[in-house]
Amino acid sequence: MHAAPHTTRAASQPLTHGGIDRPSFIGMGRRFLRAVSVLVIAAMLNTSLTPLVQAAQQQRRKAAAQAVVWKSAQTSADRQLAELIDNVRATLMSPAGSVMRKQFNVQATLERFDALTETIHASIDAERQATPRDAARLDNLQQQFDTRSHTFRAKLQALAPQGLVFKSAPGDGADLTQWLQEVAPLKKPENLAQMPFSTLKPNRHNIPHDFEAEPKSALVPKTAPQQKGAAVLKALPDFSNPQYLASAGEAEITADIKAKTQELNSNPVQIYEWVRNNVEWQPTWGGQQTADMTLDVKRGNAMDIATLTVALLRAANIPARYAYGTVDVPAEQFLNMAGNFTDINAAWDFASAGGIPIIGITSGGKVTKLRMEHVWVEAAVPYTPGRGARPVSANNPIDAWVPMDPSAKQYNYLSGIDVQAIANIDGQQLANNFTHSGAVNEQQGWVQGLNQQIIADAQTQAQQKLQTYINGMSNPTVGDVIGGRTIKPQTLPYLAGTLPYPNSARGSTYAQLPDSLRTRVTLGLGWDPYDQSYQQSKTLPLYQLNQRSITISFKPASTADENALAALIPPNLTDPSQLPSFLPSSIRVIPEIKRDDEVLLTASSMALGEEIGTGYSFQTPTQSYLDRTDSVIAGSYLALGIVGSNPSRKTFDQLKASLTQTKQILETGTQSQKAALTRDKLFGDMFITGVQGYYAQYITHSKLLSLRSSALHQSVPMAGTFGYEPYQRTLFGLNRGIETFGMYMNVRTAQVIKDKNGDGDKAKQLMLQVGMLSSTLESGVPEMMFTDPNNSTKPEGFSTAKALAMAMQQGQRIYTITQQNQATALPALHLDSLAMSEISDALAAGKEVTTHTDQLTVPGFKGSGYVIADPITGDGTYKISGGKNGSFLAFLTGIAQGAALAAILVAFFAVIGTAGAPLIVLLVPMMAILMLEIAYAKAVFQSETEVDCMNTGRSIGAALTGVMAGFKASLKTGIEALVGAIVFGVFTNQDKDISKCLPGAA
């Protein structure tokens, strides 16, 4: 067996049969999982871990099959009261005459309210006795609660003296809903002007600077040496600037950079040729990556490729700098390099949306070339007479700054096999069978009871025929099967001395990439809605945050607060059930945003359960996007994943080493080593792996989808959070504290999508498909991470895609709601108040909404899922109840039942290597990270059910998206999406038994 190299398989490499090495750290045993499970509360709030580690040593001696039940598994009365109030508000917000209003029983609700109020009074009394120092605060809390309870009861009872809400006038209940909005306002609605799942738009006004052209020859005449030994230093003005050899900024000279330079014999010709022939250019603008990362992923924009080239040259002791200017690219060449476009305006817009300042130059009434801003490299080399091919010496001194642009290249495009033809898929018949398997009402905009097994069966049939076909091919390459592109290689005996363009204009040169040519990220903490600013903010270049370990967390504000936390943990802890499920708001904490161990931002102390606004935004040299602010509950622990266009495998390898070290300390370390473990070691790396794993799969699978479409998908830098969020205990808006709840993945994506032929409908269709993929991954990745292969109990996530699949299976109607059908659709919905409010606001803004009719339940969570989408572009937000854009995973089933770090220590690190894996497994994009997902399943699980279900869900989601699109576009569009789902499923699914994926399946 052998480990797979870190490099990405080129599309032209032959397919090989492969298997999976089982990493040695997989067999850590369930005892380790239980050891971690008892560290949760203390680690979340940064209290001492020593007593919990000792308790863990006792706990792991218990029978492996023992189930862990936390007190917080029982829903608190506070939470039940909040659900009751929300049900009242949702009912009153429903349209007049709706079923919800007519069936609502006020008297039964009041009886339930009185019972919960009595229970809450008793719990406040118990808390007062347990913590006498909080008596004054609790007295005030109870007094305010009683006042608001009386008001709520009176206003509700006035609605229906005889026990039922039987009126249907539009104003009924307005007084109560207005009062509730005052004391416990709904969360701020989504900013529909900037969707969290969005495409960047072209800007034809973003034109290149008009640089003054310099002499066409960039060479400086050779200067005769004045004395022996000094010629190398004095022959060329400016080249001896030490910054041109510095290991600095993005161009840090790492061990891998040095090794590659040595491999290339420190020769500038070979360095240029290798970068040009091995690193793909991407049409985005603003440096994102370090030289080391670009070397790893072998993709990047002009700045990234220049950075790698600069670092390699400097490692070879060759002075190098960045050059910034404009270049003219002939239209035919640009069509090829941008992505094999057929429409020059589409290619132009694709690059413009990526942020590149670009303009079309016309001749004879058509665009003949594109002028764009660009970054390339200048190297100081001995140019005469060897033209850079001969080493520097006293007799061969450096005499010229030679321009080189390894971004400039052309590509061979591979179409891949025709899956539809090989599998003999009749798209029209398949669409008819699928839509006729249930009820479809196009006028009212809903579907119901569609047989999802039809999609699964079609995938199985297609896979069998496809595998037979591939097995009959002679030495197929990955590109032969799935398509893609390869760089047309070019071999040069020397440096050309000029740029490979008919015209170029050179502006400035730089030793380091300036901020004006970088992608930057602004982090904010403590949002003030009145001043519209943060208490603290910091802007950093993306390369300093790209795939780094960044966390949003809270630490005790004082020694007294830390002691109060410690006092809640029993002194002789032997079982997780002894841990507190509730932490009071009397404990104060300080919010922090950290990068590794460095505190980047902090804010004033706050009570547990309060909310603080945190945010981020991206700025390229020409545009800003994803300007997001989220409310984070004090007591949360979140990883902030900031990811560029190209996820790096090396990042996961580094994380693996850190997690393995933590595992070894927990199992065999000394007491001092265990006491030194921090929450960042236990949870920071765990959650950052999850969010980075999401983005790695999202970017990879989106690329795969685009390969089977005429539309192109280009990821741009994006960010999101994943981690633990407590339940915010409130009583009519009064903060009481927090209780154990669950994990949320709240991610955002940004991309550029353009059809090669300029077809807007196909671009939108791809956007909808990758949107549903995104939602499926939001629940699928956490489920996969926290599943214990030795435990039949598996965590269950909840996302929009999961909700729609569950609702379809349960026989609910799935609505696509527009302004035209909202009068009939909205009364059929029985969702929570925030969902109803957001849906109404979205429709008023001209958006479309896809949702189900009734709330759903998974362990630890009750709610709904809905998609708000732009009808033109497909931009959207994939929401679940509570205003979250993302997914929920029950914290108890994920960590407390013993699966805390199981998959984390092996996720994304399994390797492809030996014989035995089916050939179909290898038919994936030319991106190694996707292989890790498949390898992960084989290395960890006895079966691949979990991963199969996730993949099946993606395909079904794409199919449903196509059917929904058919209501607004055409049946042809729906059929194309349906066939696309089949093709996607063929390349990613291995088991199509969908029955085991449904809720309640064994």
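The protein has 31 helices and 37 strands. The model is a predicted one. Of its 1002 residues, 61% count as buried. The accessible surface comes to about 36700 Å². Carbon and sulfur atoms account for 49% of that surface. Among contacts with a separation of 6 or more, 77% are between residues 24 or more positions apart.

Helix α10 spans residues 255-263, and helix α13 spans residues 302-315. Their axes come within 9 Å. They cross at roughly 70°. Angles of 65 to 115 degrees count as roughly perpendicular, and α10 and α13 are therefore roughly perpendicular to each other. On the α10 side, the contact is made by I257, K260 and T261. On the α13 side, L308, A311, L312 and A315 take part. By class, this contact of α10 with α13 has 5 nonpolar residues, 1 polar and 1 charged.

A strand pair was examined next. Strand β14 covers residues 520-528, and strand β15 covers residues 533-541. The two run antiparallel. They are joined by 8 bridges. In one of these pairings, L525 has Q536 of β15 as its bridge partner. β14 and β15 form a hairpin, with 4 residues between the strands. Within the turn, Q532 has a positive phi of about 55°. In a regular strand, side chains alternate between the two faces of the sheet.

Note on methods
Residues numbered from 1 in each chain as written. Predicted model: local features only at pLDDT ≥ 70, side-chain atom pairs only at ≥ 80, totals over all residues. Heavy atoms only, no water. Axes fitted to C-alpha atoms, helices over the stretch in contact; angles between N-to-C directions. Parallel < 35°, antiparallel > 145°, perpendicular 65-115°, else oblique. Contact = heavy atoms within 4.5 Å. Nonpolar A, V, L, I, M, F, W, Y, C, P; charged D, E, K, R; others polar. Buried < 20%, exposed > 50% of the residue type's maximum accessible area, 1.4 Å probe, protein only. Areas by Shrake-Rupley, 256 points an atom, 1.4 Å probe, with all protein chains shown as cover. Pairing = 2+ DSSP bridges.
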